[in-house]
Amino acid sequence: MEIYHKDGTFPRYCEAVRKSLDDNRFNEFAQLTSDEERFRFVNGLRKIVDELQLKREYNGKGMEQATALKTLGNKAFQAERWNDALVFYNKCYVSTPKENVQEKSIILANRSAALYHLEKYDLALRDIQRALDHQYPNQMMYKLVERKARCFLAKKEYEAALECFKATVTALDDSNLPLERRQKLERDAQIMINLLPKNIELEKKTKKKASKADQSATTTKVPDNFIEKALWFDESPDEGRFARTNTDLKPNTILLLERPHVSVLLEDYSLDHCTHCFKRVSVPIACPLCADVVFCSDECETKANATYHRYECGFLPILWGSGASITCHMALRMITQKSEEYFLKLKPELAGLTNEQIDKLPVDDYRKVYKLVTHESTRSPEDFFQRTLMATLLNACLTLGGYGACPQEQNFIGGLLVHNLQLLQFNAHEVSEMIRETAEDIGKSTFIGGGLYPTLALFNHSCDPGVTRYYRGNQVCVRTVKNIPADSMVAENYGPLFTQVRRDERRDTLLHQYRFTCQCVPCVENWPLFTEMDPGVIRFRCDSGKICSNVLLIPAAVNDFMVKCTECGEHTNIMKGLKSLQDTDMLFKTATRLHSAGEYEAALRKYVEMMETMSEVLVPPYRDYHLCQQGLRACMLEFGNRFTRAVAKK
């Protein structure tokens, strides 16, 4: 990943600063050997704050804009266009300044009404509570309390509904409604107060029966982090650290669930996904100060504003406008999500831990990622200069944002920023979401943000990977897509698959981006593209199994069923294999039909059955084998982030 895009302020600034250095001065920089020294040198060259006119700005909030959006929302609401009203109320809420507390409470109340009509009762209740927390006018309180009662009634939570209807009668005493209107609302509430006790008794009996029936039922919580016990991490001079398995792994085995050490959304998705957990947001929680990000819950908003967002708030437009890539934002957030004191405490031991010690650390510990590969020894002085100058921009945002109480440690933190920019280049992953234009659309896996996953970063590459990954929010899930024998490397994919891109192009891409020449089996044996695989030849496995690894190339129209292996001399009965392939044809059709019908779990089971059958008799590359893998991947992506733009009308 590059550190900046060409259409920003930073590339021009970088060029100007570089041109201002004569050869002697630049050679002086090139001789420096530590990131902290590099940062001290470059940070002393120019005053980046003044030259780029850096300052904290809270744009996008203002009552004039908010009022206009509220008016549009009210018009849509009156026309019973609930979805349109919700969109306008969302924008109005995000645009309302922090100091306009009561205005914010009213827009939250309005939004709760739209949510109630959309039958999103839990979200409506959340907004009702937030409106109450934001000094909702006392004379209008009856509206919120009555709506709260209606939400609980719709959820069949009758005791809560009863209490709210009683509170509605009390709240009407403070209203300024005409007497006739107030009396009607009192009568309506009183009717519910009289009726609900019967529902409550019935509900208690129903719950008692349900409790007995469900005593044995348990709910399984998905863990935040999980590593399959069969995985272990080997190391070699050529391959670095990489994942292996000590047992045979079957397709569809979950190997890894991991939360990121750091994650950042792209600008394009900052207002429709939670900036903290990456969940898509239909009813956002706004940052009190800026209109640049949203959250899915009060919990995410609190966590973000207690750590990184308190320093980034007001500076995101600067980062986006500078052309800084997402890895630069991640490099900054690796610092802002912890305190300066935290890093100063770690300083003596950052580089001293063993791999065994690092593996035991929690995912949010900076030492967990500090020693990930940076390829520092192969970097050019120009590369170091650009990254170090970017670090001075990031550090300026830190300083202006109030981060750090020890100015004398600025060079240490700056050096960490330079280090982060290096390790993220080779270890960060793109976080994706499956986006469909319509329900019938096949969908496109879309890059929405970036994350650094300490364990996933240790997996090596193959152009025929044994796993695929998808994301739930910003949590990554890694599953197997083929049989992986014990003691084998477990590889993921960093770029194009061998089925789609030729070897020379794959190797050039990997060498340019990750600085290695791929030696995976498809590259060493130069496997053909999917479109070039000969469907008229079947690649059978020799019956001698692990004793012989020879591949028997058999014409599809073969008449002989006993074939002699040219390597071991043993005979293989291919009749069994041909029968298995007939079975897989039916499995593939069934799996495809189930997938198209949205029955992804059932489809996945059929694809797994097909893959295991073929693995017994076939040796890749083979068309049906890779079609099955493609089906496995497609099903697994359905369990991750996904979104359909056009919702079918009822």
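This briefing covers the nonpolar cores, aromatic contacts, cysteines and one loop proline of the structure above. The model is predicted. Its largest nonpolar core has 139 residues, and a second, separate core has 36 residues. The aromatic pairs number 17, while a search of the whole structure finds 0 disulfides.

**Nonpolar cores**

- Within the largest nonpolar core, the residues with the most contacts are Phe343, Tyr366, Met390, Leu394, Leu416, Leu452 and Val490.
- Helix α19, spanning residues 381–400, gives the most to this core, contributing 10 residues.
- Methionine 390 is in contact with Ile3, Tyr4, Phe10, Ala324, Cys328 and Leu421, when neighbours within four places in sequence are left aside.
- In soluble globular proteins, nonpolar side chains tend to be buried together.

**Aromatic pairs and charges over rings**

- The count of aromatic pairs comes to 17.
- Tyrosine 342 and phenylalanine 343 form an edge-to-face pair, with ring centres 5.2 Å apart and 85 degrees between the planes.
- Phenylalanine 343 counts as buried because its relative accessibility is 1%, under the 20% cut-off.
- Phe26, Phe29, Phe41 and Phe385 are linked into a cluster by ring pairs.
- Phenylalanine 26, one of the residues in that cluster, also has the charged end of arginine 18 over its ring, 3.6 Å from the ring centre.
- Arginine 280 places its charged end over the ring of phenylalanine 643, at 3.6 Å from the centre of that ring.

**Cysteines**

- The search for disulfides across the whole structure gives 0.
- Cysteine 164 is in no disulfide, and the nearest cysteine sulfur, that of cysteine 151, lies 9.2 Å away.
- With 9% relative accessibility, cysteine 164 counts as buried.
- For cysteine 287, the closest cysteine sulfur belongs to cysteine 290; the two sulfurs are 3.8 Å apart, which is too far for a bond, because a disulfide requires sulfur atoms within 2.5 Å.
- Cysteine 287 also counts as buried, at 1% relative accessibility.

**Proline 362**

- Proline 362 lies in the loop between α17 (355–359) and α18 (367–370).
- At 45% relative accessibility, proline 362 counts as partly exposed, since that class runs between the 20% and 50% cut-offs.
- Proline 362 and asparagine 225 are separated by 137 residues in sequence, with their C-alpha atoms 9.6 Å apart in space.

Key. Residues are numbered from 1 along each chain as its sequence is written. This is a predicted model: local features need pLDDT of at least 70, side-chain atom pairs count only at pLDDT 80 or more; totals for chains, interfaces and linings use all residues. Side-chain values use heavy atoms; hydrogens and water are left out. Rings of Phe, Tyr and Trp (its six-membered ring) pair if their centres lie within 6.5 Å; planes under 30 degrees apart count as stacked, over 60 as edge-to-face and the rest as tilted. Buried means under 20% relative accessible area, exposed over 50%, partly exposed in between (1.4 Å probe, protein chains only). A charge sits over a ring if NZ of Lys or CZ of Arg is within 6 Å of the ring centre and within 35 degrees of the ring normal. Helices (H or I, at least four residues) and strands (E, at least two) are DSSP runs, numbered from the N terminus. A nonpolar core is a set of buried Ala, Val, Leu, Ile, Met, Phe, Trp, Tyr and Cys residues joined through side-chain atoms within 4.5 Å. Contact means heavy atoms within 4.5 Å.
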